[in-house]
Amino acid sequence: MTERLLWIIVACGIGTFLMRLLPLYWRPSPVPSPAARALRRMLEALGPAAIAALLVVSLWPYVGRGSGTLGAAGALAGLAGVALARGWWGGLALPTLFGVVCHGLVRWAGA
């Protein structure tokens, strides 16, 4: 392990810790200040932004060079499966499982 990697791991740990600690100290006052409103909006946007970043990082190899149309079709089938299952049953586990099955079926059928 290089020293640079160690510092990256430490920075990620501190960032993760602060993301969980700061909302505990933030208490809404009866008349919120503009800074408090801005912090609240920033914290509310953090979750969807993190999920979108993870989605892009996860799907990037499927649409990049060398994966062809099968990779993109599998990714689209997985996303469609998640959206459909989320609309029908709701929740988190079943849509995830359904998306994985759709992705796997498309990849298996194309192989």
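At 36% relative accessibility, Leu-79 counts as partly exposed, where buried means under 20% relative accessible area, exposed over 50%, and partly exposed in between, with a 1.4 Å probe and protein chains only. The structure is a predicted model, in which local features need pLDDT of at least 70 and side-chain atom pairs count only at pLDDT 80 or more, while totals for chains, interfaces and linings use all residues. Residues are numbered from 1 along each chain as its sequence is written, and side-chain values use heavy atoms, with hydrogens and water left out.

Leu-79 has its place in helix H3; helices (H or I, at least four residues) and strands (E, at least two) are DSSP runs, numbered from the N terminus. Between Leu-79 and Val-100 there are 21 residues of separation in sequence and 8.9 Å in space, C-alpha to C-alpha. Val-82 also lies in helix H3 and is partly exposed, with a relative accessible area of 35%. The C-alpha atoms of Val-82 and Leu-6 are separated by 36 Å, and these residues are 76 residues apart along the chain.

Empty space was examined next. Rolling a probe the size of a water molecule over the atoms shows where empty space is left. The largest pocket holds about 520 Å³ of space. A pocket is defined on a 1 Å grid over the protein atoms alone, as an open set of points where a 1.4 Å probe fits, with protein on both sides within 12 Å along at least five of seven lines; lining residues have an atom within 4 Å of a point. Grid points are joined across faces, edges and corners, and the volume is the space filled by probe spheres set on the points. The largest pocket is lined by 19 residues, of which Leu-55, Gly-78, Leu-79, Val-82 and Thr-96 are the closest to its centre. Two or more lining residues come from each of helix H2 (34-63), helix H3 (68-88) and helix H4 (93-110). The lining comprises 11 nonpolar, 7 polar and 1 charged residues; Ala, Val, Leu, Ile, Met, Phe, Trp, Tyr, Cys and Pro count as nonpolar, Asp, Glu, Lys and Arg as charged, and the others, Gly among them, as polar.

The unreviewed UniProt entry places the feature "transmembrane region" at residues 5-25, 45-63 and 70-89; such annotations may be inferred rather than shown by experiment. Over residues 5-25 the chain is 100% helix and 0% strand, with the end C-alpha atoms 30 Å apart. Over residues 70-89 the values are 95% helix and 0% strand, with 28 Å between the end C-alpha atoms. Gly-15 belongs to helix H1 (residues 3-25) and is partly exposed at 29% relative accessibility. A distance of 29 Å separates the C-alpha atoms of Gly-15 and Pro-30, which are 15 residues apart along the chain.

The whole structure contains 2 aromatic pairs. Rings of Phe, Tyr and Trp (its six-membered ring) pair if their centres lie within 6.5 Å; planes under 30 degrees apart count as stacked, over 60 as edge-to-face and the rest as tilted. The rings of Trp-88 and Trp-89 have centres 5.9 Å apart and planes at 70°, so this pair is edge-to-face. Trp-89 and Phe-98 form an edge-to-face pair as well, at 5.9 Å centre to centre and 80° between the planes. These ring pairs link Trp-88, Trp-89 and Phe-98 into a cluster. Trp-88 is exposed at 58% relative accessible area, whereas Phe-98 is partly exposed at 28%.
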